[in-house]
Amino acid sequence: MYNRPMNIKKAGRLCALSGGMAFSLCVIIYLILSLVASPLVAYGEGQDWAKYLGYLVSPIAICITLAVMYWYCGVPAKSLFPVRTKPKYILVGVLLIFGLLFSLGWLNEFLIVALEKLGYVRNSSSLPDVSGWNVLPVLIVVAVLPAVGEELLFRAMILNNAEEEVGGIRAALLVGLCFSLYHGSVEQTIYQFICGFLFALLALRSRSVTPSVIIHFLNNALIIALTAVGATDETGALIASDGVIIAVCVLSAISLVAAIVLLAVDKTPLKACVKGTVGRFFVGASVGIAVMAVLWIAGLF
């Protein structure tokens with residue numbers, strides 16, 4: 001049991017409550033900005049500028065949250081946002097994202113089909129124009145900004161605060177929950193939770209946010225690239241021969257298993273939980289969880 005008392009001078013306000021507060025604050029800011037931007041997005045529906053505006057709301061909310069919570073926590077930046085890492089963790093991350101993207105992507109479709117039997121209508125999200133050089137601003141707004149912002153929030157700010165008291169595994173699970181809820185996607189709920197948890201575990205093993213930033217970018221960039229070249233259909237499924245699809249699925253499954261095994265046997269120690277501290281995280285995150293849960297339920301109708 002990890003029961004050492006917190007050194008206030010060293011840790012500042014680095015604790016489970018602060019981790020939960022970071023999530024709630026981000027959700028509140030995101031909601032406010034969404035309400036402000038929604039009339040403009042609705043006015044320009046279908047136009048690229050409106051799509052860009054919609055995609056920029058979350059990064060801006062995250063940026064504000066990180067600034068406020070960094071000031072509140074009162075610890076050095078390297079304590080909240082560690083970036084130094086070993087190359088092997090980037091390799092593990094590449095294996096992980098290849099495995100997740102191509103061997104677990106079916107989870108989304110499985111959930112959608114199940115919900116459609118209950119009357120659910122599939123949501124459609126479209127990217128701005130990705131033809132020619134137009135793909136570059138899309139990569140920046142849809143791949144770079146979310147990869148950096150979301151990883152600094154979830155796999156750095158929230159994870160490092162939560163781990164201080166609830167321990168490594170519980171912190172990773174809590175981050176997976178918040179990450180899944182934050183995206184507000186009914187279709188991707190299970191997949192996002194698994195990604196959020198495994199990304200957090202990678203950050204804990206590497207003691208760095210860098211590997212997860214890289215693989216988050218690769219995930220988004222690959223989806224954009226496949227869309228740009230017409231290699232996916234309207235549901236995001238890969239367009240290829242049955243043989244190619246089977247080969248990709250098998251190789252990605254092997255890649256995913258290898259990454260999970262490497263993370264499981266890694267010798268980097270994980271902190272244990274201080275009894276009674278998980279509830280403190282939920283106290284801080286309660287507003288964010290409640291708001292996103294309501295939005296998730298609303299998304300069913």
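**View 1. A cluster of aromatic rings in the predicted model.** In this predicted model, ring pairs join Phe 23, Tyr 30, Phe 154, Phe 179 and Tyr 182 into a cluster. Counted across the model, the aromatic pairs come to seven.

**View 2. The tilted pair of Tyr 30 and Tyr 182.** The rings of Tyr 30 and Tyr 182 form an aromatic pair with 5.5 Å from centre to centre and 55° between the planes, an arrangement that counts as tilted. Tyr 30 belongs to helix H2 (residues 16-43) and Tyr 182 to helix H8 (residues 168-183), so the pair ties together parts that are 152 residues apart in sequence. Tyr 182 is buried, with a relative accessible area of 5%, whereas Tyr 30 counts as partly exposed because its relative accessibility is 25% and the buried class requires a value under 20%.

**View 3. A charge over the ring of Phe 179.** Phe 179, which is one of the residues in the ring cluster, also has the charged end of Arg 155 sitting over its ring, 4.2 Å from the ring centre.

**View 4. Helix H5 and the helices packed against its buried residues.** Helix H5 runs over residues 87-103, and its 17 residues reach 24 Å from the first C-alpha to the last, close to the 24 Å expected at 1.5 Å a residue. Its buried residues are Tyr 89, Val 92, Gly 93, Leu 96, Ile 97, Gly 99, Leu 100, Leu 101 and Ser 103. In an α-helix there are 3.6 residues a turn, so residues three or four places apart point the same way.

Technical notes
Residues numbered from 1 in each chain as written. Predicted model: local features only at pLDDT ≥ 70, side-chain atom pairs only at ≥ 80, totals over all residues. Heavy atoms only, no water. Helix = DSSP H or I, 4+ residues; strand = E, 2+ residues; numbered from the N terminus. Expected span 1.5 Å × (residues − 1). Buried < 20%, exposed > 50% of the residue type's maximum accessible area, 1.4 Å probe, protein only. Phe/Tyr/Trp six-rings, centres within 6.5 Å; stacked < 30°, edge-to-face > 60°. Lys NZ or Arg CZ within 6 Å of the ring centre and 35° of its normal.
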